[in-house]
Amino acid sequence: MQIGTTLPNNLHLFRAKGVNLKCNGSPLNPSINAQTVKAHSPSTEMTKKHISNLEKLLLKTIPVDSSSNPIVEQSSNSSLENKRRNLLEGLNLANIWPDEMRKAAEEMSPRHLNRLKRLLSSKSMEYSPKNNLASRWKEYQGSNNWLGLLDPLDENLRRELIRYGEFIQSAYHCFHSDPATSAEAGPLEKHVALPDRSYKVTKSLYATSSIGLPKWVDDVAPDLGWMTQRSSWIGYVAVCDDRKEIQRMGRRDIVIALRGTATCLEWAENFRDLLVEQNADDSVVVQSKVECGFLSLYKTSGHQMPSLAESVVNEVQRLIEMYKGEPLSITITGHSLGEALSLLVADELSTCVPNAPPVAVFSFGGPRVGNRGFADRLNDNDVKVLRIVNNQDVITRIPGMFVSEALDKKLRESGAGRVLEMLDCRMPWAYSHVGTEFRVDTRMSPFLKPNADVACCHDLEAYLHLVDGFSASDCPFRPDAKRSLVRLLNEQRSNFKRLYTSSGKDLTINLDRERNNFPRSSCLPMK
């Protein structure tokens, strides 16, 4: 089929753009009446010029230089494809199509589908080589509150955020693979499959609830006994043990990773959202207060089970003593409930551990934990907190009153210290966020539906997907994002756009195999 044979059916595109074609005697369409065309043309000479230029464009053959392109198809099909491509480029149809049609065409382009195929492959987890952070490691740990690193997002910081997020995923995977805990046996060390082999786990951490369910619940559902156990494995302490990695990072890093809500009693503690005082301090205007349920999980000890606070402080002190004289950092990372416990751990370490190394917290989808007094206390102890927040994640806006932070800011600016003190005493839900905020948005992802449900917006893998794709607040999802979509597609298939769900099926992804190879990251919303 010749290229020109389809043009008569598409002449309405040119007329829609104000191009009047006089085709009398033209090989493009000899059946068009010259008088009709002339009636619609402002100038006969101009019409002839249009037709002449159009025929030159359509009949011109652009040779392919095989020396400049090592991959050249010699078949007739390839030649025809080149002619069609040249034709479409010359007509500049991008200016004729609506934006929606142009976007759909881009999504169905071979280049875009090849990228999707790569993202739906486990091999796409290969990131660029790690850069040396030795000279700037304190900056990446928040010494300047990540000033100038968030918008646009620094490439090294992006890698660090995803790396610490994967430490949390390992905590989820370890718990879900064996959730049962024996109260009689006491704390047991568990095998944790770390994503970074330069680290080794040194301590398993358990959290205990101060409340319990009646014994008859276990009798009714004995197979779900782990759901009602008071003490549950919550995370771990790990330390970098690879000399090359220590040299690259500029210090030996101690990581504390904490998962989110998973058991019934943890959910019950989450709903105990009244603020309770930590330790009275007469030197401050606003006393430090935190949520009752969070503090309970952190401070409560069980039968032959030390509290989370006791375990983590003793282990960190042991590691500091073991590596005395070396540059050290303490990085605490958590998701959802794990974020709340991370802040309590950071507060404890910064106040109870003498000469503690720099403490940084990287949290994902975390709720409010305490009042303004608690935030001020962490700031005074030089604890650096970076909160990764999804605009569509409702968990990051609870507990507490939605107006408390705005009102608190106004009162601060007015210097009404006494009013703040009275407000904090009389408002048991006057919560305040802590640290520096880094915002991502589900709607920026080209793969997820803009109206994704609550579970998707709070999902840890969705957070890592958005961090990997974030470039800047005024830029779209970066086209060179490298994180695989396998886990996200597996866990949030209903929240994927139909095009990518269908493509995933067409590519015959073995999701069962991928699920076994990668840690499970999902967690129900905390509240």
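W146 counts as buried because its relative accessibility is 2%, where buried denotes under 20% relative accessible area, exposed over 50% and partly exposed the range in between, for a 1.4 Å probe and protein chains only. This residue lies in the loop between α7 and α8 and has a positive phi of about 60° although it is not a glycine. Helices (H or I, at least four residues) and strands (E, at least two) are DSSP runs, numbered from the N terminus.

The model is predicted: local features require pLDDT of at least 70, side-chain atom pairs count only at pLDDT 80 or more, and totals for chains, interfaces and linings use all residues. Residues are numbered from 1 along each chain as its sequence is written, and side-chain values use heavy atoms, with hydrogens and water left out.

**Aromatic pairs**

Across the whole structure, a search finds 9 aromatic pairs. Rings of Phe, Tyr and Trp (its six-membered ring) pair if their centres lie within 6.5 Å; planes under 30 degrees apart count as stacked, over 60 as edge-to-face and the rest as tilted. Two of the pairs are tabulated below.

| Pair | Centre to centre | Angle between planes | Class |
|---|---|---|---|
| W146 and F362 | 5.7 Å | 65° | edge-to-face |
| F167 and Y199 | 5.0 Å | 70° | edge-to-face |

F362 belongs to strand β7 (residues 359-364) and W146 to the loop between α7 (137-140) and α8 (155-177), so their pair ties together parts that are 216 residues apart in sequence. F362 is buried, as is W146. The other tabulated pair links F167 in helix α8 with Y199 in strand β1 (residues 199-208), 32 residues apart; both residues are buried. Ring pairs join W146, Y164, F167, Y199 and F362 into a cluster.

Helix α8 also holds C174, which counts as buried at 5% relative accessibility. Beyond its neighbours within four places in sequence, C174 is in contact (heavy atoms within 4.5 Å) with K190, H191, V192 and W233. Its C-alpha atom is separated by 9.5 Å from that of I234, 60 residues apart along the chain.

**Helix packing**

The axes of helix α14 (residues 308-322) and helix α15 (residues 337-352) come within 10 Å and cross at roughly 50°. Axes are lines fitted to C-alpha atoms, for helices over the stretch in contact, and angles run from 0 to 180 degrees between N-to-C directions. The two helices are therefore oblique to each other, given that angles under 35 degrees count as roughly parallel, over 145 as roughly antiparallel, 65 to 115 as roughly perpendicular and the rest as oblique. On the α14 side, the contact is made by L308, V312, V313, V316 and Q317, and on the α15 side by L341, V345, E348, L349 and C352.

Both helices are among the elements that cover the buried residues of α13, which also include β1, α12 (264-270), β4 (275-277) and β5 (289-291). Of the 8 residues in helix α13 (residues 292-299), 7 are buried, namely C292, G293, F294, L295, S296, L297 and Y298.

**Backbone features**

The peptide bond from D151 to P152 is cis, with omega near 5°, and P152 is found in the loop between α7 and α8. I398 and P399 are likewise joined by a cis peptide bond, with omega about -10°. S336, which is not a glycine, has a positive phi of about 60°; this residue is located in the loop between β6 (328-335) and α15.
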